[in-house]
Amino acid sequence: MIVAPSILSMDFSDTKKAVEQLEESCAQWMHFDVMDGHFVPNLTFGPDILKAMKKSSTLLMDVHVMISDPLKYAPVFIKAGADIYTFHYEAVESVEKIRELIAEVHQMGCKAGISIKPKTPVSVLEELVNELDLVLVMSVEPGFGGQKFDPTSLDKIRTLRNWIDERHLDCLIEVDGGINGETAMLVKEAGVDAVVAGSYVFGGDIKERCASLC
Ligand code: DX5
Ligand code: ZN
């Protein structure tokens, strides 16, 4: 299982220590939550923090943008070090524009992901999954860490797993929100490839908490 700790819950009073512990853990990705205070009612970090994380960590930068204009900011975060640029289906006005953004992300040498909120049906991705490197299934309403896992995400994961396996696609399934030792088992059984965990990982011994998910 790929473990992607979300730095939204990191202790920013001592990032050096937290990043060192992540480096020593079994985590392979760093989940970087970008929020603009408009698409979601919270505001987090920009490209300069991503650059700093990229400089201090060997983890793959799994950038999740919860912003209203993901087209405009794709080059900004890719230049700053994103290895995967995941934007929200709900933030782009048409499938054509989504296809345009996926192509642009690929042209910049970055992997492209799409995220769907809990209320968005997985059916909207039935065609798009063929063009994506990752689908991020939100198991909480985006905007804040520490929320309760929404089990309706399990059926979405199963559906995606079937499409990807039947079509022999390279697309990864990642789940984000309320992941802990217990819910990680549920989503693993449903067929995810990667789990995001913020409050669970940074709310205890980072290495131990990551190990319980790997
Ligand atoms: C929420 C973010 C998640 C969040 C996960 O909008 O996208 O990545 O940080 O936090 P936990 O694991 O605490 O639910
Ligand atoms: Zn996230």
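This is a guided walk through one predicted protein chain, from its overall form down to a few single residues. Because the model is predicted, local features need pLDDT of at least 70 and side-chain atom pairs count only at pLDDT 80 or more, while totals for chains, interfaces and linings use all residues. Residues are numbered from 1 along each chain as its sequence is written, chains are lettered from A and ligands numbered from 1 in the order in which they are written, and side-chain values use heavy atoms, with hydrogens and water left out.

Let us start with the whole chain. It holds 8 helices and 8 strands; these are DSSP runs numbered from the N terminus, with helices (H or I) of at least four residues and strands (E) of at least two. The C-alpha atoms fill a box of roughly 45 × 35 × 30 Å along the principal axes. For 214 residues, a compact globule would have a radius of gyration near 17 Å, and the 16 Å of this chain agrees with that. The radius is taken over C-alpha atoms, and the globule rule is 2.2 Å times the number of residues to the power 0.38.

How much of the chain is buried? Of its 214 residues, 51% count as buried, meaning under 20% relative accessible area, with exposed over 50% and partly exposed in between (1.4 Å probe, protein chains only). Contacts, meaning heavy atoms within 4.5 Å, also reach along the sequence: among those between residues at least 6 apart, 67% join residues at least 24 apart.

Now turn to helix H1, residues 15-24, where Ala 18, Val 19 and Leu 22 are buried. Seen down the axis of H1, these buried residues fall within an arc of 95°, so they line one face of the helix; the arc is that of the directions from the helix axis to the C-beta atoms. On the other side of H1, Lys 16 and Glu 24 are exposed. The cover over the buried residues of H1 includes strands S1 (2-5) and S2 (29-35), along with helices H2 (47-56), H7 (199-202) and H8 (206-211).

Gln 21 also lies in H1, and is partly exposed at a relative accessible area of 25%. Leaving aside neighbours within four places in sequence, Gln 21 is in contact with Ile 206 and Lys 207. Its C-alpha atom is 33 Å from that of Arg 158, which is 137 residues away in sequence.

Next, look for Val 137 in strand S6 (residues 134-138). Val 137 is buried, with a relative accessible area of 0%. Not counting residues up to four places away in sequence, Val 137 touches several residues, among them Ile 116, Ser 153, Leu 160 and Val 175.

His 168 is exposed, with a relative accessible area of 71%, and has a positive phi of about 55° although it is not a glycine.

Our last stop is Leu 213, in the segment after H8. Is Leu 213 buried or exposed? At 4% relative accessibility, Leu 213 counts as buried. Beyond residues up to four places away in sequence, Leu 213 touches residues including Met 1, Val 3, Ile 179, Val 195 and Tyr 200.
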